[in-house]
Amino acid sequence: MATIKFLLQSSSESAQIYVRLSISRQVSFKKKTGFTINPNDWSITTSKPKQNNPENKRLSSNLKKLDAYIDTQYNDAIGNGIVIDTQWLQSKIDECFNRVQVSDQSLLVNHIQHIIDNANTRKIQGRRKLGISDSRIKSYQRFKGIIEEFQFAIKRQISFEHINKPFVDRFTNWLINTRCYAINYAGKQVDNLKTVCLDAEKLGISSNPYFKQIETFSESDDDRYIITLSQEELEKIREADLQRPALINARKWMLIGCEIGQRVGDLLKISHSNLRHKGQQVYLDIKQEKTKKSITIPVTDRIASLVENDLPYSISGQKLNQLIKQVCQAAGIDTLTEGKKLDPETKRKILGLYPKYQLATTHSFRRSYATNYYRHIPTSILMKITGHSKESTFLQYINQREDMDNNADLFMDFYARYNAPKEPQLKVVKDGTYNH
């Protein structure tokens with residue numbers, strides 16, 4: 001049976017009053033109650049304030065209230081299998097008196113929240129401006145939620161000192177086998193864990209040194225299923241007989257998206273203000289939300305009319321994701337294709353053979369652009385437009401390995417044009433004579 005006792009540990013005039021929760025002779029936890037008292041007013045016999053003035057009587061009443069609250073919460077926690085520790089005890093003290101808990105930055109979830117709360121003033125390596133993107137903030141918010149779920153599963157709060165190899169192995173196993181997250185998504189959460197640990201270290205927060213050895217992971221190329229739309233399939237979509245205005249509008253976004261290679265968040269923000277004319281050529285000037293890179297995209301004749309004269313109306317990415325499947329179905333894009341489809345019951349993606357239109361997503365636009373133009377346009381030029389910084393990342397994005405022969409062939413193609421025989425030019429040369 002647990003016992004609760006109040007005690008002083010100082011002889012100063014304003015000594016802190018502590019509460020000690022003893023679960024057994026070997027296990028006890030102690031925290032400050034937040035109240036202070038002159039030791040002369042403290043009864044060693046009762047371990048409570050002496051009842052010699054109104055102030056001490058109020059203090060005694062508060063400690064009695066805390067005693068009863070901790071006792072009740074302790075019994076509930078034991079019944080629900082919740083781990084009792086010093087953090088739990090502190091939370092109950094704060095709850096009893098409706099206090100705003102002072103954040104303990106040694107706890108993982110608290111430091112994640114610290115990053116979120118200070119997102120607009122964070123310095124990002126390699127950039128001169130302050131602040132992280134909205135998408136990255138949302139990523140941290142999702143990560144915090146996952147850590148809170150894991151804490152509930154293991155029945156303990158996670159501090160940076162807990163993050164050793166057994167902890168990381170258990171977390172990884174829980175992500176993949178219990179929560180059934182995709183390999184890439186699970187790997188991203190482990191990567192987030194390491195990132196937050198590195199950030200805490202910079203602020204001098206004590207951490208388990210193992211965190212520097214954490215290795216992230218992702219699917220191998222063979223395990224990645226990339227759904228793209230070929231130029232032939234895009235032509236079918238262009239010619240499909242669509243009646244509903246919403247589907248016609250979605251088709252416009254699809255055709256533009258597959259021809260400019262941008263993320264859907266940037267695609268759906270395009271307006272006439274992004275257009276720029278230079279002679280006969282039309283350009284789209286876009287600043288990518290994720291990378292903050294300024295990109296200039298040439299508008300090809302495949303979408304010139306749409307972009308200049310018939311831009312689609314605004315729509316959410318989620319709604320567009322639903323509509324493009326209907327567009328592809330109407331266009332006959334129904335070849336059985338291996339891929340992963342979301343199971344509405346488990347909320348997890350299941351690998352299988354599905355009609356291709358069921359697998360099409362807004363992410364197919366950008367991948368289609370990169371895939372369709374790969375080996376036809378120099379990779380370095382495609383990367384400038386997609387915003388990829390490394391060729392290895394670009395090739396992984398479209399599930400391709402570097403083709404050395406293709407690089408050499410492209411060089412020879414440009415070399416042949418560079419050294420093509422020039423047309424002889426007639427030139428008048430004066431001979432120095434002059435005739436009247």
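User: What makes helix 3 and helix 4 roughly antiparallel to each other?

Analyst: In this predicted model, the axes of helix 3 (residues 108–117) and helix 4 (residues 134–154) cross at roughly 165°. Angles over 145 degrees count as roughly antiparallel, under 35 as roughly parallel, 65 to 115 as roughly perpendicular and the rest as oblique. Helix 3 and helix 4 are therefore roughly antiparallel. Their axes come within 10 Å, and the crossing is left-handed. Residues are numbered from 1 along each chain as its sequence is written. Local features need pLDDT of at least 70, side-chain atom pairs count only at pLDDT 80 or more, totals for chains, interfaces and linings use all residues, and side-chain values use heavy atoms, without hydrogens and water.

User: Which residues of helix 3 and helix 4 meet?

Analyst: Helix 3 brings Leu-108, Val-109, Ile-112, Gln-113, Ile-115 and Ile-116. Helix 4 answers with Ile-137, Tyr-140, Gln-141, Phe-143, Lys-144, Ile-147, Glu-148 and Gln-151. Contact means heavy atoms within 4.5 Å. By class, this contact has 9 nonpolar, 3 polar and 2 charged residues.

User: Why is helix 7 called roughly antiparallel to helix 8?

Analyst: Helix 7 (residues 231–239) and helix 8 (residues 245–260) pack at about 155°, with axes 10 Å apart. That angle makes helix 7 roughly antiparallel to helix 8. Helix 7 passes helix 8 in a left-handed crossing. Gln-231, Leu-234, Ile-237, Arg-238 and Glu-239 of helix 7 make the contact with Arg-251, Met-254, Leu-255, Cys-258 and Glu-259 of helix 8. The classes are 5 nonpolar, 1 polar and 4 charged residues.

User: Is Arg-251 buried or exposed, and how do you know?

Analyst: Arg-251 has a relative accessible area of 14%, so Arg-251 is buried. Buried means under 20%, exposed over 50%, partly exposed in between (1.4 Å probe, protein chains only). Arg-251 is in helix 8. Not counting residues up to four places away in sequence, Arg-251 touches Ile-237, Arg-238, Glu-239, Ala-240, Leu-242 and Val-327.

User: What lies 2.7 Å from a polar atom of the Arg-251 side chain?

Analyst: The backbone oxygen of Ala-240 does. Gln-326 is 75 residues from Arg-251 in sequence, and 9.9 Å away in space, C-alpha to C-alpha.

User: Why does Ser-133 count as buried?

Analyst: Ser-133 has 10% relative accessibility, so Ser-133 counts as buried. Ser-133 is found in the loop between helix 3 and helix 4. Leaving out residues up to four places away in sequence, Ser-133 touches Glu-289 and Lys-292.

Terms used: Axes are lines fitted to C-alpha atoms, for helices over the stretch in contact, and angles run from 0 to 180 degrees between N-to-C directions. Helices (H or I, at least four residues) and strands (E, at least two) are DSSP runs, numbered from the N terminus. A crossing is left-handed if the near helix is turned anticlockwise from the far one by less than a right angle, and right-handed if clockwise. Ala, Val, Leu, Ile, Met, Phe, Trp, Tyr, Cys and Pro count as nonpolar, Asp, Glu, Lys and Arg as charged, and the others, Gly among them, as polar. A polar contact is a pair of N or O atoms within 3.5 Å; within protein, one must be able to donate a hydrogen and the other to accept it, and residues adjacent in sequence count only if both atoms are side-chain atoms.
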